[in-house]
Amino acid sequence: LLYKSNPAQSPALDPEVSHAVMNALSNAVICIDESGVVRFFNPAAQTLFGIPATDVEKRFAATIFSLQTLAASVEKLVQDGKSSGSEQFHILRPDKTKATVEGRHSLQITNSGWICTTVFQNFTEQQLEPGALYQYQKTQAIGTLASGVAHDFNNILTAVISNLDLMELTAELPASLRHNVSQAKISARRGAELVSRLLSFSRQSDPHPAAVNLSDINREVVAMLRRSIDRRINIGHEFPPDLSLVHADGTQMMQVVMNLCLNARDAMPSGGTIHIRLSNVSFNQSVLPPRKSGRFVQLTVEDTGEGIPADVMARLFEPYFTTKKMGRGTGLGLFIAQSVVAEHGGWLEVNSKQGIGSTFSAFIPAMLSSTKQSQPVTTLDSPGTQNSLDGKERILIVDDEEFVRLVTRAVLGYRGYTMVEAVDGAEGVEKYKNAEIPFDLVLMDLHLPKMNGWDALAQIKQFDPKAKVIMLSGGSAAGFDEKGQELGASGFLEKPFENINLLKMVRKLLDA
C-alpha cells in the first residue's frame with residue numbers, strides 16, 4: 001500500500017492508519033515531497049539520524065546537514081526518471097557517532113506532484129566484517145592520537161617561541177647572536193604551522209560550515225604534501241584570484257583534497273606529477289546527472305600515474321575496497337571524499353587512462369554572494385587601542401603546564417602586570433571567587449585537569465557576568481565562535497602564540 005506508484009489503483013487508506021504503520025516500523029522511514037520538504041520522519045529515523053522530528057519535518061531536506069546526501073539522492077532519482085532505487089549513505093549524527101545505511105527509494109505520484117519515501121536498512125559498525133571494523137577503529141584512534149600529540153607539542157612550542165621573543169627584547173643579547181635567535185624562532189614557527197595543519201586535518205568534530213576559499217585550503221595541503229611525500233613527485237597548482245567562495249566545513253574540504261592527493265601519490269610509486277587546479281564553472285539546465293545546473297567551484301587533482309583498470313573503476317568508491325597492500329591504506333579515502341562532497345551538495349567525476357594517469361574532479365556549489373570568511377571573536381593580530389602595551393592590572397593565569405605559566409608570567413610581568421597562577425580549572429574558579437582584589441582578566445587553557453576550561457569559564461561567568469576571559473588552547477579553534485559566545489568568552493588565542501599578539505589582545509580587552 002505504501003509504495004504503489006499509482007494511487008488510483010490503491011484501496012483507500014486512512015492517513016492516520018498509514019502513519020501509525022510507518023511509526024511502528026523498526027526501519028527508519030523518511031518522506032520528501034516535490035518541493036524538497038520533509039513530510040514524514042518516523043521514530044526509527046529520529047534514532048538513526050539522532051535528530052528529533054520537530055527539527056526536521058516541514059523543513060527543506062537540503063538545509064539539514066545530515067539529510068543533504070539524501071536530498072541529493074532523491075533529486076538524482078527524479079532527474080533520471082526512475083520510480084525506485086537504492087543507495088548507500090554515510091551518516092554523521094550530532095553526537096559524532098556514525099552509521100552506514102542503505103536507503104531504498106520509492107517515488108509515488110500524487111495529484112499535487114510526487115513524494116519520495118525512503119526506507120533505511122542500518123549497516124552499523126557492528127555489522128562490518130572484523131577486518132573492516134579494525135581498520136575503521138584504527139583510523140579513528142590515529143586521529144585522536146594526532147590531536148593529543150599536537151596539543152602537547154603546541155604547549156612546548158609556546159614556551160620555546162615566547163622565550164625566544166624575550167631574548168630578542170633583551171638589551172644584553174650580543175648582536176652576533178640575534179640572527180641565530182631569529183632563525184630559531186622562524187624554525188619553531190614553521191613547526192607550529194605544521195602541527196596546526198596536522199591537527200586541523202585529524203580533528204574529529206561536528207561540521208562547522210562557513211564561507212570558505214578553497215585556494216587557502218589547497219595551499220595548506222600543498223605545504224603539507226611537500227614536506228611529507230616522496231621528493232620524486234612534483235606538485236603543481238593553479239589557484240585563480242577570483243575564485244568563488246563555497247559554504248563548507250573547512251576541515252572536511254581539507255580531507256577531500258588530501259585524500260585525492262594521497263590517492264594520486266599511491267598511483268605513482270616511482271615518481272611523477274600531481275597537478276591541482278581550481279576554477280569557477282557553470283552548468284545549464286540541460287546537463288545530465290550526476291551534473292547539476294548552477295555555479296560551482298571545480299577542484300581537479302590530476303596525476304601521471306598508472307591509471308585505473310575498468311574492473312577497479314566499477315568499485316572505486318566502495319568503502320574498504322582497496323588494491324593496496326596491507327598497511328598501505330584502509331580503502332576509505334575515496335569513499336570519504338565522495339561522501340563529503342555529496343553532503344555539501346556536489347559530486348565527483350573520474351577520468352582515467354591506463355599508462356597515462358587519472359583525473360579526479362570535485363564540484364562544490366559556489367556561494368551566490370561574496371560573503372566574507374568567518375573570523376574568530378577576537379583575532380590573533382587584533383590591534384591594541386593604546387600605543388603602549390604596558391599595564392598595572394591583575395591577571396589570573398590558569399594552565400596545567402608549568403612552563404606555559406612561567407613564560408606567560410614573564411611576558412606580562414615585563415610589561416608591569418600583576419599575575420596569579422592556578423594549575424587546574426577548579427583552582428582557577430576558587431582563586432577568582434576568593435580574590436581579595438578582583439581580577440581584571442583571566443587567561444584560561446581549554447584542556448585542564450579536574451575541571452576543563454569551558455566548565456571553569458561557565459562558573460566564573462555565573463559568579464561574575466562581567467568577567468573578561470581569554471581562552472587558550474594548543475588544539476584547534478574550530479567551534480569556538482558558537483561555544484565561546486554561548487558561555488561569554490572574550491576571545492581565543494591559539495598556542496603557540498607570538499608574545500606581541502598576546503599583549504595586544506590583553507590590552508585591547510582591558511581597554512574595552
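**Figure 1. Lining of the second largest cavity in the predicted model.** Helix H7 contributes the most to the lining of the second largest cavity, namely three residues; helices are DSSP runs (H or I) of at least four residues and strands (E) of at least two, numbered from the N terminus. A cavity is a set of points on a 1 Å grid over the protein atoms alone where a 1.4 Å probe fits but cannot get out, and lining residues have an atom within 4 Å of a point. Among the lining residues are Leu214, Asn218, Met253 and Val256. The volume of this cavity is about 40 Å³, a volume being the space filled by probe spheres set on the points, which are joined across faces, edges and corners.

This is a predicted model, in which local features need pLDDT of at least 70, side-chain atom pairs count only at pLDDT 80 or more, and totals for chains, interfaces and linings use all residues. Residues are numbered from 1 along each chain as its sequence is written, and side-chain values use heavy atoms, without hydrogens and water.

**Figure 2. Lining of the largest cavity.** About 90 Å³ of space lies in the largest cavity. Strand S3 (84-92) and helix H3 (68-79) each supply at least two of its lining residues, and S3 gives the most, with four. Phe49, His90 and Glu343 are among the residues of this lining.

**Figure 3. Surroundings of Met253.** Not counting residues up to four places away in sequence, Met253 touches Leu214, Ile217, Ala248, Val340, His344 and Ile364, where contact means heavy atoms within 4.5 Å.

Conventions:
1 Å grid on protein atoms, 1.4 Å probe; cavity = no way out; pocket = protein on both sides within 12 Å on 5 of 7 lines; lining within 4 Å.
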